[in-house]
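The sequence and the structure are shown first.

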Amino acid sequence: MGDTFSRILAACLLIMLTSLSWAEELLPEETAPPQTTEETPAEEIAAPLSIQDILNQLTERSFDMKEAAIRQLAEQDSPRVIPLLNALMERELVHNRENDTISLGHKADGEWQLLDPVSEQPIGTVNSRAARPVVINNRLRTVINNQLALFALNSDNSDARAEAAEQLIGNDDPDMLSALRLRRESEDNARVIEQIDTALNIAALSSDDLTTRLNAIDTLSRNLHPEVKNSLNDRLRNTEVDAEKVALEKALARIDARIENFQTADTIFFGLSLGSVLLLAAIGLAITFGVMGVINMAHGELIMLGAYTTYVVQQLLPNSNEWSLLIALPAAFLVSAVVGIFIERFVIRFLYGRPLETLLATFGVSLILQQAVRVIFSPLNRTVITPDWMSGALQINPVFSLTYNRLYIIFFALAVFLGLLTLLKKTRLGLQVRAVSQNRTTARALGIRSERVNALTFGLGSGIAGIAGVALAQLTNVGPNLGQSYIIDSFMVVVFGGVGNLWGTLTAAFGLGIANKLLEPMAGAVLAKILVLIFIILFIQRKPRGLFPQRGRAAEE
Amino acid sequence: MSFSKSMKKLAAGVVASSAIVYSGAVMAADTIKVGVLHSLSGTMAISESTLKDTVLMMIEEQNKKGGVMGKKLEPVVVDPASNWPLFAEKTRELITKEGVDVIFGCWTSVSRKSVLPVVEELNGLLFYPVQYEGEESSKNVFYTGAAPNQQAIPAVDYLLNDLGVKRFVLAGTDYVYPRTTNKILEAYLKAKGIPEKDIMINYTPFGHSDWQSIVSDVKSFGSQGKKTAVVSTINGDANVPFYKELGNQGISAEDIPVVAFSVGEEELSGIDTAPLVGHLAAWNYFQSVYNDANEAFIDQWHGFTGDKKRVTNDPMEATYIGFNMWVKAVEKAKSTDTDKVADAMIGIQTPNLTGGMAVMNENHHLSKPVLIGEIQDDGQFAVVWETDGLVKGDAWSDFLPGSKDLISDWTAPIKCGNYNTKTKSCGGAAAE
Amino acid sequence: MRDSTFKSALSDRTAKTFMGVLFGATLLVTLLNQIFPPDSALHVSAYTVTLLGKYLCYALLALALDLVWGYCGILSLGHGAFFALGGYAMGMYLMRQIGDRGVYGNAELPDFMVFLNWSELPWYWHGFDQFWFAALMILLVPGLLAFVFGWLAFRSRVTGVYLSIITQALTYALMLAFFRNELGFGGNNGLTDFKDLLGFSLQSDGTRVALLMATAISLAFAFVLCRWITGSKLGRVVLAVRDAESRARFIGYRTEHYKLWVFTASAILAGIAGALYVPQVGIINPGEFSPLNSIELVVWVAVGGRATLYGAVIGAILVNYGKTVFTGIMPEAWLFALGGLFVAVTVFMPQGIVGLVEKHWPTLKQRFMKSDSNDDRPSAQGEPS
Amino acid sequence: MSALDSLRETFRRDQVFDFMRQGTRSVSPGQLDAGDGKNILYLEDITVSFDGFKALNDLTMYIKTGELRCIIGPNGAGKSTMMDVITGKTRPDSGTCFFGQTLDLTRLSETDIATAGIGRKFQKPTVFPEHTAFENLELAMHDAKGTWHSLFTRMSGEQKSWIEETLAQVGLLEDRDKVAGLLSHGQKQWLEIGMVLMQKPQLLLVDEPIAGMTRQEVERTGQLLQSLAGKHSVVVVEHDMEFIRSIASTVTVLHQGSVLAEGTMDQVQNDPKVIEVYLGE
């Protein structure tokens, strides 16, 4: 199953474009005023009905009635059909309760702007409660999509055709199949042909002629589309012919084998993705905790602040969700960094050399930040919109796809990591940070203003936490508890990797991530996590200073 | 007072003594105190703080109408901070120290379980507004949320009959409500002839955030030829990442519909619902239900919170019903005394927000309609199916071996929360 | 007399004052609760009694932590785990005591097992119908866990932050484990709806008061025990380990043994605290394992004042009292107060309240000094002994 | 040593099984076997390297029972590292290090080595800052060191007087109840020496004993160390040539992790290599 929904959207858009042009030409002929029928459609079925009449049947509650109406509408030979079906999908066909008719409608400042479904001429407004969008359910959606796909088969755009064809795969409605065959002859685009063939072969499975069936099976055995597997399985259940049985089993075995490989690939990807999340969550801590030796229990809350910043930015720029994240990143960095510096100046400053006490103080801070968020944003979760370029998945084949948001986040995490690395290695600040973390007195003696460096370092660590928040907002709740759910894992990662060693953090994050995902299938989510924790505990026994031990204030104690 | 002294000497019997504590506490009061026991901090604040506001709104409304029996209602809000032992402690505080006459509160099962012994001991009155696993009926508790047979069973029926689903994934958070519900559903599905191998059960920890593997498992489980659906009892926080993952892995409602029992308007308000259109939820109430009572309620809510975007949800309706029923019962009993009110409660009818009447049954559970809604892109649900009449809440599930013979009936002559119809005896401690 | 024995610890002045205050308070509460009728102004409600009981349990827990953290320098972020384990052991006993009074009237199985259709009692539940067995487990389970864990950790010289983090990992793992219903401890709901303890109904004021008393006594006992330990040569070695571990090693002490000994002892105390806690609050569930609880516990000790024993007790009681009050009067904002307190204490009074008092109240200080010269290290300023 | 290691130990090809080596193990483990005339310490081709840099480069050296040996050498010559090897703080990459005939120090833990009879005074004085001088000595006192014992033990009269003697010996009698943290640097040095003495060690390792001491203090330290030689073997690491001249019998010069010269003070001072090294600095 691919991303049906987005596919449909794309298809619909194209169709609208193509169809609107006709609509304009034909408008003059179609200026019949909207008339309403009191008779129940049931009796009317026989007589030819105007589009408006057919639409009015959609006022019925029963979905069977609605389906009948939709099919009727689809049969109409009118350029309005496609736009109206789309409107139905988009919930832009509204049921006007005042005169019990259906019309196009857009909600604007608490009122419905009603348009005539045929002429698209405005026919006045009613208040928001007097009209309701026509309710459709999954069954109707499938019907509509198939109808639309049917139309789309003859679109000029090859992608649209391909998607349409795929939508129709596994559909055994005869006239759909005939439509496919028809298209097949004139089709030249390879991708479309492939989809159509799949669809036709699946249909061929239920033909009466054994050889056609065997051929179909043979060709299908190279196809990973889930529908294929389903129909092969179905066939296997029904067939009596031994030769066919054998062929089917062979084909299925072959398909399963391939699916197997892709699933392992999946698991690895999941592991990497989880790893990248851990990395993002932990990397800020690797600075504040690893380099400065501050056990920052408020780290999670700094991530949370980043997430909320994303939310606020999206609220401020309501109609630019595509690129608002790019603004959110620096914003989140600043917000968290400033808060971080604030914490450093007013709390942690007094506690250097007493790492275990920074833990207590920052724990207090985390409580305050959490409650502050509850008071300001309410304890409810906040919606963070995922931009289109981040939603959906990169379809490598029907059984193996990489979800975009995770893909981006993996790269993002690595980018942040490398950025930080270069910052510490190359820049003057980085040098000073390392100097101070090694030996503050000497550093001071060398004229480094360790006060300032500390503040900046902590700010940096916190800022990165903020950035992580932006990324995590794409994956999980944006709520007051966001931080808590990551703080412990972050500490595990940093400690496991070896305090004060960024590479350690990287390895640890991905190592734990993948380990977790490998365990999950056999042990289940919870047990996997427990096992990983136990592993960490035992590992620390073996190597009391983590994967890559490193000297530094935290390591000293 | 000599009476109470002698009583004290006589009865170490707790009920008695605390009844005195109780009456003694309220004697002075010229207002009626209403306890509000919902977490305002900690993990559950997300869901519970809304209900706190709801109760406060109802009280304000009632006071505008002149209170109850001429007395003003006085809310007493405490914060059990999502900490279960604290729930018990705060209940004790509310009843003995504050001397409240009724408590509206709790969300999670564990919080209710922790409060239960205390209200029974001190003979308090608790209204519990959340759908739950059933298998309980206390003299002192009224359950205004859905029992499994008012949510899970109808939903599964809808999947079986209307969508022709043949394979089921029962995915839930690992705690008692999903466990029990899934046990019930499993038994029910088997009874309906669904074979073991077509039922996949999966549990995840609270706040589970990484759903990749599980969703992809569901995906492959669903691509086996038969129509598949997910029945989700996943708890609040974990839903956002779950649905996000669904959307991203391209599981659309047409392919594998997900019907959820813990996802309402409020949970959706934290999600970008565009990719989720068509997924289902089963409740006794949806904000989108069209009738005057509901519209009025919604307006009132927007007015109270001063936020036009705030949504309403099922537990709010349950609170609404519970509160109105309590008011009616008190006026009927002409007293706030627990026992009198508890007796008066049974049989009380108040309008619910879906255009019908809610009835309190002898087993302290409500009769409610069951609605199934599909998620829309505006974060609301569109009702696609509903039961013809009201469904009576069943305290003890008929699909669990332990409880098939148990019923609850708080009217004479049985007066028992777990009456065994086989042995004709009131088993367990709920007897007295 | 420098080496304190149990007797000397019992008779030393601080211990006397401590127990005086402790028993004074509890006795007062008891009398007020028992003698006066509930409607009289002087009556102390069951609510207050259980509340006090809870505080004392926490105090005991804090005491246990102070022993390892204050004196041995091991900051355990997992002490909640031992507390909870003790609690579960007691909870299992109470569960079995319900017998056939559960809602399903099943004499063998606890309710949660019935409705999750467990066929029979898991092996690890056997024996918990006997109080002596449960009591044994209350000491044994936390003790053993601490022993094994500590043995691994201290042997391989895991110290400081690393130790803290893995103790946290320990309690976190346990929390996740106990959340799983398969484990057979009631999952998230934990164990609840207890009926009676040793045949006394948990809902009668008598039992409540008795439990409060029991808690007070064990707290006093633990206090004296801790003073004995810290006053003995062992206590001095432990301090030595805290201050200069390698030095201690080079004069021939197996420091890991000393750490292990103290860690285990403290874990057992924590277990006892948990066991007393459960019957009074009436529920035990995996939430008690939550790492945040353990951190908060550390904060109590810090607030009260480290390495003074009574500091820990004072801290635990004050903070929790504060919580009770503020969650009531300012439900929306109490977390600000709590958080603020933690910050203020760690930043402005590293010695905690006790330290502050001792600093600003020389007369009081004098009193403490006289009796504590043996073991009140943090405040020791070369005082005569 | 984990079970696995000990198993490997048992099956080492170059070794006979323990039970067959009874004869050689006439002294039970932990017992020192260093009769008169024998050496008390054998260091043979010890090599220690910290990521590449050789701190000790097959160092070979013997300490006779009861002798007072001074070790000098420029910074980084490996003096402290040698001490670390002897006391088990650092494990050598190669080479053997025996205490007496039987005790393989490379196998024992710091604690075992300490109990076996090697006392060490660190370069930077480390005492227990929050204990009184008296208690510091008490803790160091040669006595059973088990946990339970220390819980129930009560100090006997002679133990008390022994501690007082030692306090007098290191001149801290009047400061006996002062918290060690408040003592002066020199006093700390002495206290630490006192602690080492309380261990009743066979071999004392004294690292830079006179750093931060006044002239008089230095002299007293010198006398103290000399008085110790004889019943104990003493190894002193020091920079201060004067001091060494004043006390030393034999002097060993370390350079770049191995022995450069050995002999009396005069011998080594006239040794061209030594001169070269020191002038080279």
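Two residues are in contact if their C-beta atoms, placed from the backbone, lie within 7 Å. Under that criterion, among contacts in chain B between residues at least 6 apart in sequence, 69% join residues at least 24 apart. The model discussed here is predicted.

**Chain B as a whole**

Chain B contains 13 helices and 19 strands. The C-alpha trace of chain B extends over about 75 × 55 × 40 Å along its principal axes. For 432 residues, a compact globule would have a radius of gyration near 22 Å; the value for chain B is 22 Å, which agrees with that expectation. Of the 432 residues of chain B, 66% count as buried.

**Contacts between chains**

In the former, 50 residues of chain B are in contact with 42 residues of chain C. On the chain B side, the elements that give two or more residues are α1 (2–10), α2 (14–28), β2 (73–78), α4 (84–98), α5 (109–121) and α7 (176–191). Of these, α4(B) gives the most, with eight residues.

In the other interface, 27 residues of chain C are in contact with 27 residues of chain D. Here the elements of chain C that supply two or more residues are α9 (233–243), α10 (245–250) and α11 (255–281). The most is given by α9(C), with seven residues.

**A sheet in chain B**

Strands of a sheet pair through backbone hydrogen bonds, either parallel or antiparallel. In chain B, four strands form an open sheet in the order β11-β12-β13-β16, and the pairing is antiparallel. The edges are taken by β11 (349–351) and β16 (391–392) of chain B; each has a single partner strand, so one side of each is left without a neighbour in the sheet. Within this order, strand β12 (residues 357–360) of chain B is joined to strand β13 (residues 366–368) of chain B by two bridges. V359(B) stands opposite S367(B) in β13(B).

**A sheet and a helix in chain A**

Chain A has an open sheet of five strands, in the order β4-β3-β2-β1-β5, with antiparallel pairing. At its edges stand β4 (122–127) and β5 (131–133) of chain A, each with a single partner strand, so one side of each lacks a neighbour in the sheet. On average, neighbouring strands of this sheet are turned by 45 degrees against each other, direction ignored. Strand β1 (residues 93–96) of chain A pairs with strand β2 (residues 101–108) of chain A over four bridges, in the antiparallel sense. H95(A) is placed opposite I102(A) in β2(A).

Helix α13 (residues 299–316) of chain A has 18 residues, which at 1.5 Å a residue should span 26 Å; its end C-alpha atoms are 26 Å apart, in agreement with this. The helix α13(A) is mostly covered, with 15 of its 18 residues buried.

Definitions and conventions. Residues numbered from 1 in each chain as written. Chains lettered and ligands numbered in written order. Predicted model: local features only at pLDDT ≥ 70, side-chain atom pairs only at ≥ 80, totals over all residues. Expected span 1.5 Å × (residues − 1). Buried ≥ 20, exposed ≤ 12 C-beta atoms within 10 Å, placed from the backbone. Rg over C-alpha atoms; globule rule 2.2 N^0.38 Å. Pairing = 2+ DSSP bridges. Axes fitted to C-alpha atoms, helices over the stretch in contact; angles between N-to-C directions.
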